[in-house]
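Dear colleague,

Please read them with the model open beside you.

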Amino acid sequence: MKRGTDIAAAADVLRHGGLVAFPTETVYGLGADASREDAAAKIFAVKGRPRAHPLIVHLAAGELDGWAAEIPEAARRLVAVAWPGPLTVILKRGPRVALATTGGADTVGLRVPSHPMAQALLRAFGGGVAAPSANRFGAVSPTTADHVVADLGDDVDYVLDGGPCAVGVESTIVDFSRGQPVLLRPGGMPREAIEAIAGPLRAADAGAPAAPGTLASHYAPRAMVVAVEPDELPAAYAEATRADERGRPMYKVALLAPASVLARWDEVPEPTYALPDDVEGMARELYSALRDLDAAGVDVVIAALPPAAGLGEAVGDRLRRAAGPRKA
Ligand code: TXA
Ligand code: MG
């Protein structure tokens, strides 16, 4: 594994069918040539991700010829405003997309990231780059190059280091492939901004095939997460820190909450991670915070849910999923 800022070297790895981890404004991606079956297949092997779970194709610009087969007018209007930026649209798949990339699906997720290093890589490479978040399946997404190296190490050929991600949660995913647009995953572009351009979004219905980002146990750190409204934080903390029969605490418990919520406590217990009060700041620091708490050996994280407006919807979604039932 090499790590650095050499765009030409990274593009060369892609051209040879290799894997490049690269920064986007949302999270780091694990990229491969989206048009090559063998290259896309490597991503699934390294991530330990089920083959049927489709990857997002990243493009340098919004020219979708060959990538999407059909582009509804509302999708056109939306991407004209949103790209480059933290939005993924699901459209009918075009012929340039390898079948392995979409897990055999006849639709494809497309996105134009705004991070300058992602832009430079995509322009130097010239094609589409299939990239999920650069973590092992089911874990918290990486928002720094250090996170990527800790998760994937030598399984990646080149790690482009572009510093910490500015948005911090994954892109918003909107499905335009079956009539009225459906919000598949809240993310870095707020729902309100999307609806102002594309009209009302439908909620993903329970009967739809589960995408990996929509599994209940996704985005989970090692520690157990309990997500509660700010008012319920003290009670949830007291419950988690209760002692066993011999009077010893059963778990190492941490608090994760905005600074203003923590200010209501006379004495903030240790360890505590204070998040910024604005939802943008919360999104930016959330995954780093969960990783830090894991590294501190915390068993249980009691987390305060943010207000649902703006990026708060995505932050709340990730906290609820991190708190979701685990498979094992
Ligand atoms: O911000 C992001 O979107 C990041 C960066 C690297 O761009 N990528 C990311 O990828 O989060 P990943 O693979 O971790 O999550 C992609 C989500 C999955 O839930 C997947 O099921 C959904 O996008 N997806 C991709 N293509 C799809 C399709 N054709 N139909 C339905 N869902 C799709
Ligand atoms: Mg992911």
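The buried residues of helix H1 pack against strand E2 (20-22), strand E3 (29-33), helix H4 (116-125), strand E8 (129-130) and strand E9 (158-160), where contact means heavy atoms within 4.5 Å, and helices (H or I, at least four residues) and strands (E, at least two) are DSSP runs numbered from the N terminus. This is a predicted model, in which local features need pLDDT of at least 70 and side-chain atom pairs pLDDT 80 or more, while totals for chains, interfaces and linings use all residues. Residues are numbered from 1 along each chain as its sequence is written, and side-chain values use heavy atoms, with hydrogens and water left out.

In H1 (residues 7-15), Ile7, Ala10, Ala11, Val13 and Leu14 are buried, that is, under 20% relative accessible area with a 1.4 Å probe, protein chains only. Because they cover an arc of only 155° around the axis, they lie on the same side of H1, the arc being that of the directions from the helix axis to the C-beta atoms. Just after H1, Gly17 takes a positive phi of about 80°.

The buried residues of H4 include Leu121, Leu122 and Phe125, and the buried residues of this helix pack against H1, E2, E3, strand E4 (56-58), E8 and E9.

Residues with an atom within 4 Å of a point count as lining, and among them are Thr172, Arg191 and Glu313.

Best regards

How values were computed
Chains lettered and ligands numbered in written order. Buried < 20%, exposed > 50% of the residue type's maximum accessible area, 1.4 Å probe, protein only. 1 Å grid on protein atoms, 1.4 Å probe; cavity = no way out; pocket = protein on both sides within 12 Å on 5 of 7 lines; lining within 4 Å.
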